[in-house]
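Student: Can we go through this one together? I'd like to know what stands behind each label.
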Amino acid sequence: MRTQITELFGLNVYTDKAVYVGSVDDVVIDVDAKKIDSLAVGNLNPEIGEIKGYKGLQIPFRIIKNISDIVLIRHVAGVFKSPQEKE
Amino acid sequence: MSKTFSRTMARKRVMSTDGVLIGTIKNVMVDLGTGQVVDLIVKPDESFRTEGYRMDGDKMFVPFEAVKDIKDYIVVDRYLLQKSA
């Protein structure tokens, strides 16, 4: 599926455990590999873990499962806390 | 390895390896399935003759294959650009 890169800006990012991560601020392109390297995600959910002092996260493209109306990424244990683990 | 933020690419000028100004970048087409960057969408400069290139209305498609590097300018290989037209 071909998309203009500006369509990605502002999309909400969720993990596959339905945890909100943030919204897409920017897309990092690897010029040599001619590929999307990562998504720069801002407006972070303060609940997901140790993000104090960070304005954003870079989500590597390989953990992205799908992009449509939202961005769905793999839930990486230890990086993202899921609501159940918090208790 | 050279990486670039797509927002910093906005409004950058596209120049060919032989020093001809082609135009300004408008957008980037990506394949979300593979993550591959497919095309740059370029608004051609008035001085640039667009015959023989892949066009859609007033927009020009530049295959990302032709892109050499992205720094202050986006440098593309004009030979590669024409071949895919």
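Predicted model: local features only at pLDDT ≥ 70, side-chain atom pairs only at ≥ 80, totals over all residues.

Student: How many residues of chain B and of chain A are in contact?

Tutor: On chain B there are 26, and they touch 25 residues of chain A. To be counted, heavy atoms have to lie within 4.5 Å.

Student: What makes B:Lys3 and A:Asp37 a salt bridge?

Tutor: Their side chains meet at 3.4 Å, N to O. The cut-off is 4 Å between a Lys or Arg nitrogen and an Asp or Glu carboxyl oxygen, so the pair qualifies. The count between chain B and chain A is one salt bridge. The rule for polar contacts finds 16 residue pairs across this interface, both residues at pLDDT 80 or more.

Student: Which element gives the largest share of the side of chain B that touches chain A?

Tutor: That's S3(B), with five residues. By residue kind, the side of chain B that touches chain A divides into 13 nonpolar, seven polar and six charged.

Student: How do you know that strand S3 of chain A and S1(B) pair?

Tutor: Three bridges join them, and they run antiparallel. Pairing needs at least two bridges, so these strands pass. Within this pairing, A:Asp30 stands opposite B:Lys3 in S1(B).

Student: What makes A:Lys65 and A:Asp16 a link between distant parts of the chain?

Tutor: A:Lys65 is in strand S6 of chain A and A:Asp16 in the loop between S2 and S3 of chain A, 49 residues apart. Their closest N and O atoms are 3.3 Å apart, within the 4 Å cut-off, so this is a salt bridge.

Student: And why do B:Asp69 and B:Lys71 get their accessibility labels?

Tutor: B:Asp69 sits at 26%, between the limits, so it is partly exposed. B:Lys71 has 54%, over 50%, so it is exposed. The two form a salt bridge with their closest N and O atoms 3.4 Å apart.

Technical notes:
Residues numbered from 1 in each chain as written. Chains lettered and ligands numbered in written order. Heavy atoms only, no water. Polar contact = N/O pair within 3.5 Å; in protein donor to acceptor, adjacent residues only side chain to side chain. Helix = DSSP H or I, 4+ residues; strand = E, 2+ residues; numbered from the N terminus. Nonpolar A, V, L, I, M, F, W, Y, C, P; charged D, E, K, R; others polar. Buried < 20%, exposed > 50% of the residue type's maximum accessible area, 1.4 Å probe, protein only.
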